[in-house]
Amino acid sequence: MQWVKVLGGAVGAAALLGLGIILGHVAIPIEADVPAPSISQDLDLEILETVMQHLDASRIRENLRELSKEPHLASSPRDEALVQVLLQRWQDPESGLDSAEAPAYQVLLSFPGQEQPNLVTVVSPTGRVLFSCRQSEQNLTGEQAGPDVVPPYAAYAPPGTPQGLLVYANRGTEEDFTNLQTQGIKLEGTIALTRYGGAGRGAKAVNAAKYGVAGVLVYTDPADINDGLSSANATFPNSWHLPPSGVERGSYFEYLGDPLTPYLPANPSSFRLDPDAAPGFPPIPTQPIGFDDAKILLCNLQGIVAPAAWQGALGCDYRLGPGFRSDGDFPADSQVNVSVHNRLELRNSSNVLGIIRGAVEPDRYVLYGNHRDSWVHGAVDPSSGTAVLLELSRVLGTLLKKGTWRPRRSIVFASWGAEEFGLIGSTEFTEEFFSKLQERTVAYINVDISVFANATLRAQGTPPVQSVIFAATKQIPAPSPVGLSIYDNWIRYSNRSSPAYGLVPSLGSLGAGSDYAPFVHFLGISSMDIAYTYDRSKTSARIYPTYHTAFDTFGYVDKFVDPGFGSHQAVARTAGSVLLRLSDSLFLPLNVSDYGETLRSFLQAAQQNLGALLEQHSISLGPLVTAVEKFEGAAVALDQHISALQKGTPDPLQVRMLNDQLMLLERTFLNPRAFPEERYYSHVLWAPRTGSVATFPGLANACSRAMNTGLGSTAWAEVQRQLSILVVALEGAAATLRPVADL
């Protein structure tokens, strides 16, 4: 791929400004009127301020208008047209980057049938259709109809036409289905109506199939997304709330990346699994519906009243079924038919990469990414992020073309393809360039949805990035209230008490909800996700209400989400400041000591909640305590070494070695054999945690599984194995932080 050649294939000079010993350096052509880069090049605060001042809210708004004016489902003609838009921007002679390209992967996607649309009906015993759910959302603004608006569907759900009595299964967790079974409800052959939340999309179908359920329906309850509001007058286009016909689309595939090429890039020559045997697809037909249709189904159910925690805001008592009550809208023996006609297709999907070569360390990469594809118009998800990406790259590109700035390290901007189908574009990229990215990537910045709402910043990341995000946000004014920095506003909404710093904003952890997932879980790269979001004290919505629907439009953002686009500008400034600090600072602004707080909190949770149980099975946490202490000591010593170097005139090679320690720390927490049941999850601190104790995930999960097994069982042996994995990882991390010459 050309981006590798651009960053790594130029001629290495005989001496790198007198120090040719720094590996991987490549010469950068310098225009006659631009001063040669200094080996001690550091963050230029004037350049930083210039970038902050030139990030324009009105330009972000116009970017969003262009990006979201038409639906752009992955691999669709409009999606490919946006590839060309990005290429044109990044190749512009006045504001473009050094190079740009659009490599494509051949990936397996899922689409609803065109000739046979998916359909959910209530049928009488004689087969007569009594009621049909909507096949498309109501055309409220003239943007919800048309051939490019994909009908609501569950991507990767298998085709089929199951029919059976309806049951209500709450959120479709295993516990929910167990509760139904405990109530004496026969689940075999039924259709389960579930609501979003509680379990992943695909997990609802997997859980249902274990109990013999034949098909699954999924809807969004107004209690979960609209703060209970459900009438047409109280919802979009009269407010930002989800209208009754709104349906959340989404991928129901269990894993990351292309379904047929796990751990291999989806190039034409790559080995592919048989689609009929590939794991991770939902086992039974599944279809999402709107809450107006769900109300008709759910409010006609018979059976016992559902538990209070299962009730919602559809205006009736939720009952469990099975089947409809005799005094309702349908005959008691009526059944629900779910006709799904999804199809699988191999399609070409493109990533777009824009590159700015580093002046001093071009072989160190700072990646900034956002996906491009959407389910429909995707104004919030993901185009709010792409609009910010284009504005930030325009400002930096303009400085680059004028010759007034070039970063110390290389910057790679990425527009990922087919994210909505399972983080496909970013995962294929990490598979193809696994070694190079692990060796050379400083950090990954993700800005997917840049603005959920306009109250406060929300940042997630691995602990070392906390300090650079805090430093950036302290210097940027909040859109509101006037007079506060983004940091000061953030701490009002979300905070925690830090043993080292006192009260600080809360930095969330990274799961697998966006393109940061393969970078942190698979490659072990320090990563972050940055967005503006809502005031949690004023809404219980699990996400912005029109998420993945045809109502997520430019007008929705312009009127309800961020009028004036001040929050978009705030995110652009925050992400831009973080990017410049990572790409230009002489010493990488990654604070490894902040990992110590996380490790200490995980250890304390394990001691308090699992210690006594482990002792009963002769398992000691002592080695883990020692490993945490070793890490803390090594981190403190490294901080002192950094301070000493910063006060003097450090040798460039000393700086390089130190920065490599900071960069490579995250990799030490990877163990590809730690979680054999999980695909791509190798990070022993941030893998999925199914156990209830907020501690190291492998230990928590193993203890949860072993809880009710006997002494000496294989489950308790797995607890010991997970503990050993942790100790080795933490000791390896401490060793990485110790002086390089200390073998």
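The model is a predicted one. H6 spans residues 201–210, and its buried positions are Arg 201, Gly 202, Lys 204, Ala 205, Asn 207 and Ala 208. An α-helix has 3.6 residues a turn, so residues three or four places apart point the same way. Just after H6 comes Gly 212, with a positive phi of about 85 degrees.

Elsewhere in the chain there is an open sheet of seven strands, in the order E1-E14-E16-E15-E17-E21-E18 and with mixed pairing. Strand E1 (99–101) and strand E18 (456–461) form the edges, each pairing on one side only. From one strand to the next, the twist averages 20 degrees.

Helix H16 (residues 566–584) lies across strands E15 (361–371), E16 (409–416), E17 (441–446), E18 and E21 (527–533), and runs at about 160 degrees to E21. Helix H20 (residues 652–664) also packs on the sheet, where it touches E15, E16 and E17. The direction of H20 makes about 30 degrees with that of E15.

An unreviewed UniProt entry places the feature "domain: Transferrin receptor-like dimerisation" at residues 619–738. In the model this span is 61% helix and 0% strand, and its end C-alpha atoms lie 29 Å apart.

Definitions and conventions: Residues are numbered from 1 along each chain as its sequence is written. This is a predicted model: local features need pLDDT of at least 70, side-chain atom pairs count only at pLDDT 80 or more; totals for chains, interfaces and linings use all residues. Side-chain values use heavy atoms; hydrogens and water are left out. UniProt positions are given in the numbering used here, feature names are shortened, and annotations may be inferred rather than shown by experiment. Helices (H or I, at least four residues) and strands (E, at least two) are DSSP runs, numbered from the N terminus. Two strands pair if DSSP finds at least two bridges between them. Axes are lines fitted to C-alpha atoms, for helices over the stretch in contact, and angles run from 0 to 180 degrees between N-to-C directions. Contact means heavy atoms within 4.5 Å. Buried means under 20% relative accessible area, exposed over 50%, partly exposed in between (1.4 Å probe, protein chains only).
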